[in-house]
Amino acid sequence: RRRLLDRMSSFDYTINDDDGTVTFTVEVAKSNNWISFGTSQNGGMMYGSEVVIGRPALPEGANNPSKYRLGTVMNVKVNGDRLTESQQTLIDPSITSQDGKTILQFTKLLSEPGEIPIDADGKNVFVWAYGVDSSSRFSIHTNSGSTEVDFSLYKGPDSTDNSSSDSTVTESVSYRGRWKVHGILAFTAWGVLVPTAISVSLLRNLYPSNFPWLRVHFALNGLACIIMIVVFAIALTSYDTTGRNHFDGTHEKIGLIIFVFVLFQVMGGVFRAHAPKPASAIADTVHDHENVVNEESDEEFTDEGEKVEKSLQRMIWEVMHKGMGVLLLVLGVYEVQSGIALYASRYSPET
């Protein structure tokens, strides 16, 4: 009996009553994709599930495909989560990739000691996932989800069920939309707002003396910080829902570093070491505009026009603030580029 999982994948199963086994065939309409398929006892959640994973990029043999038990994260530790050799009881497992398709096939016992049983006369919940595979990288899934199947309604191996009323796709259109918003907002922050904020500061000597460049600089960076909080929240909640570890990949780790550094950078700008005010500004506190002009200048002068040295605290702050700004811009541009590549690897029609 064949059952659709999403628009790119399906599976069929045959219950073998004579030897108490069931044969599964999972097909993904993409070449060179790893496939994971197995049973869940947590209502379709990935953690705690027992799955069979096949990787076409690796040599097929005793360890590929293999049985795994997923821990608290969906991102499988290929060595640590693999079941023991005594539990590798699959019959004729195979993973093949050809003619634009990847096919995982295996036969397993309905009931095995220490494993989630499969009820041949009742409902079972299965979890599935697939993603681009390579010999050097076990990538994040392109799509994943769960489906409930009532084996008591088994009609035979040649029937097809196109229904999806009890099938749940965990990372379908809604998740694709989340990552698209995530990327657009990140590009807005690092491709538009932050470079503009830095340019406003670097070119401040070209502006008229009354141009409030510091306020513009603050506003742009503040808006970028708010956007980064939203970007970070989108990623965090999306990974929470799918059960995937938040910070396993390079993109995710650098994203966390950027988020923390941005908060420090903004707080450092707010509580910065202020430049000393000239005597005229100190004497006349009524004229607030004098304070603003003074704080928007990199140079300190006495009333006689002589330049004075900045305080050590101010100089240290300037070096750290400027250095951190450049570092964040470089990391931000890298994140946008790597995010585009990651999105393409997940959702391009043929990868």
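Visitor: How many salt bridges does a search of the whole structure find?
Guide: It finds nine. Keep in mind that this is a predicted model.

Visitor: What makes the pair aspartate 133 and arginine 55 a salt bridge?
Guide: The cut-off is 4 Å between a side-chain nitrogen of Lys or Arg and a carboxyl oxygen of Asp or Glu. Here the N to O distance is 2.9 Å, so the pair passes the test.

Visitor: Why can we say that this pair ties together parts 78 residues apart in sequence?
Guide: Look at where the two partners sit. Aspartate 133 is in strand β9 (residues 123-134), while arginine 55 is in the loop between β5 (50-54) and β6 (66-69), so their bridge links those two parts.

Visitor: Are aspartate 133 and arginine 55 buried or exposed?
Guide: Both are buried.

Visitor: Which salt bridge does lysine 67 make?
Guide: Its side chain meets that of glutamate 115, again with 2.9 Å from N to O. Lysine 67 belongs to strand β6 and glutamate 115 to the loop between β8 (101-109) and β9, so this pair ties together parts 48 residues apart in sequence.

Visitor: Why is glutamate 115 called buried?
Guide: Buried means under 20% relative accessible area. Glutamate 115 has 11%, so it counts as buried. Lysine 67 has 3%, so it gets that label too.

Visitor: What makes glutamate 112 and lysine 108 a salt bridge?
Guide: Their closest N and O atoms are 3.2 Å apart. Glutamate 112 and lysine 108 are both buried.

Visitor: Which residues do salt bridges with shared partners join into one network?
Guide: Lys67, Lys108, Glu112 and Glu115.

Visitor: Why do we say that the buried residues of α3 line one face of the helix?
Guide: Among them are His251, Ile254, Ile258, Phe259 and Val262. Seen down the axis of α3, the buried residues fall within an arc of 155°, so they line one face. Here's a handy general point: an α-helix has 3.6 residues a turn, so residues three or four places apart point the same way.

Visitor: Why is proline 56 called partly exposed?
Guide: That label goes to values between the 20% limit for buried and the 50% limit for exposed. Proline 56 has 21%, so it is partly exposed.

Visitor: Where is proline 56, and which residues does it touch?
Guide: Proline 56 lies in the loop between β5 and β6. Leaving out residues up to four places away in sequence, its contacts include Trp34, Ile95, Thr102 and Asp133.

Visitor: What makes methionine 320 exposed?
Guide: Exposed means over 50% relative accessible area. Methionine 320 has 58%, so it qualifies. Its place is in helix α6 (residues 312-347). Together with Leu312, Met315 and Ile316, methionine 320 forms a nonpolar surface patch with about 420 Å² of accessible area.

Visitor: How many helices and strands does the chain have?
Guide: Six helices and 15 strands. Of its 351 residues, 45% count as buried.

Terms used:
Residues are numbered from 1 along each chain as its sequence is written. This is a predicted model: local features need pLDDT of at least 70, side-chain atom pairs count only at pLDDT 80 or more; totals for chains, interfaces and linings use all residues. Side-chain values use heavy atoms; hydrogens and water are left out. Helices (H or I, at least four residues) and strands (E, at least two) are DSSP runs, numbered from the N terminus. Buried means under 20% relative accessible area, exposed over 50%, partly exposed in between (1.4 Å probe, protein chains only). The arc is that of the directions from the helix axis to the C-beta atoms. Contact means heavy atoms within 4.5 Å. Patches are made of residues with over 30% relative accessible area and no salt bridge: like charges are joined within 9 Å, nonpolar side chains (Val, Leu, Ile, Met, Phe, Trp, Tyr) within 5 Å. Accessible areas come from the Shrake-Rupley method with a 1.4 Å probe; for residues, only the protein chains shown count as cover.
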